[in-house]
Amino acid sequence: MSHEKLKEAAIAVINPRQYSNYAEGGQVAAALETNLGNIYTGICIDTACSLGFCAEHSAAAEMLKHNETHITRMIAVDRNGDYLAPCGRCREFLSQLDEKNQEMEVILSKDMSMTLKELLPIDWKIK
């Protein structure tokens with residue numbers, strides 16, 4: 001799948017909404033492509049007391065539900081379709097799901113991508 005198609009998959013699930021007085025979500029979306037070619041998407045959920053989670057986590061949960069762990073590419077975008085880099089928490093989380101995820105391509109802009117390993121240059125798991 002092309003970068004643009006992966007971006008379109010993420011944009012398709014953006015749906016900013018206020019869920020309650022304490023929770024909102026859908027302003028950021030992510031799409032993960034696995035080594036089997038499957039695409040999993042997710043949205044962010046923000047809560048008043050920091051119990052929410054990022055779109056990357058949501059997409060990873062969907063992937064794990066389908067018994068997959070190996071991500072080859074990922075993208076995150078905001079409600080305007082602008083590219084977003086995964087936060088440190090998401091980088092670490094994705095790296096722990098499968099050792100091969102260190103080599104996943106993280107799409108940072110139309111013309112730039114890096115591996116997860118490049119975004120996590122000093123990995124505490126490497127002995």
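Is E62 buried, partly exposed or exposed? Select E62 and find out. E62 is partly exposed, with a relative accessible area of 28%. The scale: buried is under 20% relative accessible area, exposed is over 50%, and partly exposed is in between (1.4 Å probe, protein chains only).

Before moving on, some ground rules. This is a predicted model, where local features need pLDDT of at least 70, side-chain atom pairs count only at pLDDT 80 or more, and totals for chains, interfaces and linings use all residues. Residues are numbered from 1 along each chain as its sequence is written, and side-chain values use heavy atoms, leaving out hydrogens and water.

**Stop 1: E62 and K65.** A salt bridge here is a side-chain nitrogen of Lys or Arg within 4 Å of a carboxyl oxygen of Asp or Glu. Both residues sit in helix α2 (residues 55–65), 3 residues apart, about one turn of the helix. Helices (H or I, at least four residues) and strands (E, at least two) are DSSP runs, numbered from the N terminus. K65 is exposed, at 58% relative accessible area.

**Stop 2: E33 and R73.** Select both. They form a salt bridge, with the closest N and O atoms 2.7 Å apart. The pair links distant parts of the chain: E33 is in strand β2 (residues 23–34) and R73 in strand β4 (residues 71–78), 40 residues apart. E33 and R73 are both buried. The salt bridge count is 2.

**Stop 3: D123.** Go to the segment after α4 (116–119), where D123 lies. D123 is buried, at 11% relative accessibility.
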